[in-house]
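Thanks for coming, everyone. Let me walk you through one structure. Have a look at it first.

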Amino acid sequence: MSLEQTLNDEERLAELDADQLRQLVGLVEYDASSDPFPVSGWDSLVWIAGNAVQTAHFFQSAFGMELVAYSGPETGNRDHHAFVLRSGAARFVITGAYDPASPLADHHRAHGDGISDIALSVPDVDRCIAHAAASGATVLEQPHDLTDEHGTVRVAAIAAYGDTRHTLVDRSKYSGPYLPGYVARTSSYVKRDGAPKRLFQAIDHVVGNVELGAMDRWVDFYHRVMGFTNMAEFVGADIATDYSALMSKVVANGNHRVKFPLNEPAVGKKKSQIDEYLEFYGGPGAQHVALATNDVLGTVDALRAEGIEFLTTPNSYYQDPELRARIGEVRAPIEELQKRGILVDRDEDGYLMQIFTKPIGDRPTVFFELIERHGSLGFGIGNFKALFEAIEREQEKRGNF
Ligand SMILES: [Fe+2]
C-alpha cells in the first residue's frame with residue numbers, strides 16, 4: 001500500500017498529503033498484508049473531564065480546535081455530554097457525566113481529567129479482535145455494528161494499561177459526523193483575527209506511564225497483541241537527572257503513524273515525575289499527547305496568548321556550546337527559540353523542535369507536547385535532561401519532589 005492510499009478521510013479533509021504527513025509525524029511505507037493486527041492510524045482520543053462543557057470550550061478557544069459533533073441529553077444521551085473536536089487529522093472527544101450515576105463520574109473520581117480511550121483506526125476489526133483474543137488480550141467489547149442513516153461503523157475494544165482502552169474502529173462504511181448517536185454540531189465560537197487556521201495538524205504520539213517493573217510487560221503486549229515494533233529505548237544516564245530517573249521504550253505500528261512511548265519510574269534520590277503521575281492519576285494512564293505542528297513558533301505564540309503555560313527552559317540550555325554545535329542550522333534563529341523556550345534535538349535523520357505545557361487539569365498528570373519534525377524520527381532524547389529538570393522544578397513547587 002502506498003502512503004497516499006493509507007490516508008484516511010480525516011487527513012484528506014485536513015488537506016494533508018502523504019509528504020506532509022511523512023514530515024509531520026515521520027510516516028514510513030509499510031506492507032500490512034501479512035499483519036495479523038493491522039492499524040492504519042489514530043481514530044480519536046477520548047477524554048473524560050470533570051466539566052466537558054468547559055473543557056470543550058477550552059480546546060476550541062485555546063487550542064484552536066473545531067467542534068464537529070455532539071451527543072448529550074438533548075440528543076437522547078441521558079448519561080453524558082460528548083463534544084467531538086477536530087484539528088487537522090486529530091480528533092478529540094471530550095466526555096463528562098450528566099447522570100450522577102454515570103460510570104464516567106466514577107472514572108473521573110478515580111483519575112481526574114484524562115484520556116480514557118486511545119481509539120485506533122483499523123481496516124478489519126474482526127481480524128484484530130480474533131488475534132488479540134488468541135494472544136491473551138482482554139477484550140472489553142466484541143466486534144459489533146453501530147448503524148444509523150449515515151451507514152455503519154464496526155467497533156470493538158481491548159484493555160490497555162490501567163483503565164485505558166483501545167477502541168478499534170472501522171468507519172470505512174460511514175459518512176456521519178462521528179458515530180451513530182451523534183449529531184453534527186458547530187460552535188458559535190469565533191477565532192481571533194489573525195489566528196492561525198490550525199495550531200496543530202495531527203497526533204504524533206501518546207505516552208503511557210506504567211508502574212515500576214511493568215514497562216516491558218506493556219512493550220510485550222504491543223508486540224504480541226498488536227504487532228507493534230520497537231522504535232527506541234531510553235534507559236540509564238540518558239534520562240536521569242541528579243535526583244530522579246525513568247525508563248522509556250517506544251513502540252510503533254507498521255507505518256509509524258501510531259507511536260506509544262511507555263515510561264516506568266526508575267529509582268532515584270527523589271520522587272520521579274512518573275511516580276508523581278501514578279500517585280495522582282491513581283495508576284497507569286496516558287501522560288502526554290504530542291501534537292504535530294508545521295509551525296511550532298506560531299503555535300506557541302498563539303497558545304501563550306490564550307494563557308497556556310509551558311515548562312521553562314533555562315537560558316543556559318541555549319548558551320551551551322555543545323548543544324549549539326550538535327543542533328547545527330535549524331529553520332529559526334536560536335534567539336527566537338530561546339524567547340519561546342522551544343527545545344531542539346538532532347539525530348542522523350534530521351532535527352525536531354519541541355516544547356511541553358504544564359499539566360492542563362487540576363491534577364499533576366496529563367499535559368501536551370508540541371512537536372515540529374524536520375526528518376528526525378526521534379523523541380528529543382538530547383532534551384530529556386533539560387526537560388526533566390524543568391519538571392522537577394515544577395514538582396518542587398507542588399510539594400511532590
Ligand atoms: Fe513526547
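Two strands pair if DSSP finds at least two bridges between them.

Now the ground rules. This is a predicted model, where local features need pLDDT of at least 70, side-chain atom pairs count only at pLDDT 80 or more, and totals for chains, interfaces and linings use all residues. Residues are numbered from 1 along each chain as its sequence is written.

Start with the whole chain. It has 13 helices and 17 strands. Its C-alpha atoms fill a box of roughly 60 × 50 × 45 Å, taken along the principal axes. The radius of gyration, over C-alpha atoms, is 20 Å. A compact globule of 401 residues would have a value near 21 Å, so the two agree. That globule rule is 2.2 Å times the number of residues to the power 0.38.

How much of the chain is buried? Buried residues make up 50% of the 401. A residue is buried if 20 or more other C-beta atoms, placed from the backbone, lie within 10 Å of its own; 12 or fewer makes it exposed, and in between is partly exposed.

Next, contacts. Two residues are in contact if their C-beta atoms, placed from the backbone, lie within 7 Å. Take contacts between residues at least 6 apart in sequence: 69% join residues at least 24 apart.

Now strand 1, residues 41-48. Eight of its eight residues are buried. Which strands does strand 1 pair with? One is strand 5, residues 114-121, antiparallel, over seven bridges. There, tryptophan 42 stands opposite leucine 120. Another is strand 4, residues 90-97, parallel, over four bridges. In strand 4, valine 93 is the bridge partner of valine 46.

On to helix 3, residues 18-25. Leu21, Leu24 and Val25 are buried there. They sit on the same side of helix 3 because they cover an arc of only 65° around the axis. The arc is that of the directions from the helix axis to the C-beta atoms. Just after the helix, glycine 26 takes a positive phi of about 70°.

Last stop: phenylalanine 384, in helix 13, residues 384-398. Buried or partly exposed? Phenylalanine 384 is partly exposed, because it has 19 other C-beta atoms within 10 Å. Its C-alpha atom is separated by 29 Å from that of alanine 159, 225 residues apart along the chain.

Terms used. Helix = DSSP H or I, 4+ residues; strand = E, 2+ residues; numbered from the N terminus.
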